[in-house]
Amino acid sequence: MTHATATSRATTISPTPPSTPRLRMEPTGSRRTLLDGGWWPRSTDPVAELPGLVLAIDKLRGPVTRLVLAADGWDIHPRRLGVGDRVLRLGYFSSQPISLLTALCANGDRVDLLIVPPKTASDTADAAMVLAAVTSNQVHPQHILLAVTTSAPRAVDDAPVAVWEDEGGQSGLTPPRILSETR
């Protein structure tokens, strides 16, 4: 047996209890959705992050047996992960979008989740997870973060003046007129 074979058959078990995942899922389990929800891990360590997620999915959709992940999205790539009293198979693929996790369940269900990068701002992460969990969502996982950041209202700053001037409005050289009533 080679070292690579022995390593690939080893089961990795987290030394800490599973954390409560930051997860939003579409409640009905409808197969007509593009995504089933969104997940915001705290790190890119699969051994620390995945057990809590798996246990949460187990409660909502049935026991998870396999996870499909992007190869580039994780610090390490264990092939087998002990969760509770079972062993899950983990597959890492370069063809899987970094923003997508697919969980396969023992009952035949498939759960597709948006993965929000750990260092994302909380308001952006929450908006992305909400959008991913809406049954009418038509935005693919690799575009959701952009969609939620570009749809947010812009803060008032000097930029609108430049846009106004570029679109044929008044130049900034003339001060605006203030209309007021005098008595």
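What is the volume of the largest pocket? It comes to about 220 Å³, where a pocket is an open set of points on a 1 Å grid over the protein atoms alone, fitting a 1.4 Å probe and having protein on both sides within 12 Å along at least five of seven lines. Grid points are joined across faces, edges and corners, and the volume is the space filled by probe spheres set on the points. The model is predicted, so local features need pLDDT of at least 70 and side-chain atom pairs count only at pLDDT 80 or more, while totals for chains, interfaces and linings use all residues. Residues are numbered from 1 along each chain as its sequence is written, and side-chain values use heavy atoms, with hydrogens and water left out.

Helices (H or I, at least four residues) and strands (E, at least two) are DSSP runs numbered from the N terminus. By type, the lining splits into 10 nonpolar, 5 polar and no charged residues, with Ala, Val, Leu, Ile, Met, Phe, Trp, Tyr, Cys and Pro taken as nonpolar, Asp, Glu, Lys and Arg as charged, and the others, Gly among them, as polar.

Next, the inside. The largest nonpolar core holds 22 residues, and Trp39, Leu50, Ile57, Val64, Leu67, Leu101 and Leu113 touch the most other members. Such a core is a set of buried Ala, Val, Leu, Ile, Met, Phe, Trp, Tyr and Cys residues joined through side-chain atoms within 4.5 Å. Helix α2 provides the largest share of this core, 4 residues. Leaving out neighbours within four places in sequence, Leu50 contacts (heavy atoms within 4.5 Å) Trp39, Leu67, Leu69, Trp74, Leu81, Leu90 and Leu101. Another core, of 11 residues, lies apart and includes Leu35, Trp40, Leu114 and Ala128.

Helix α2 also carries Asp58, which counts as buried because its relative accessibility is 17%, buried being under 20%, exposed over 50% and partly exposed in between (1.4 Å probe, protein chains only). Not counting residues up to four places away in sequence, Asp58 touches Pro63, Val64 and Arg86. His140, by contrast, is partly exposed at 42% and is found in the loop between α3 (122-133) and α4.

Notes: On a 1 Å grid over the protein atoms alone, a cavity is a set of points where a 1.4 Å probe fits but cannot get out, and a pocket is an open set with protein on both sides within 12 Å along at least five of seven lines; lining residues have an atom within 4 Å of a point.
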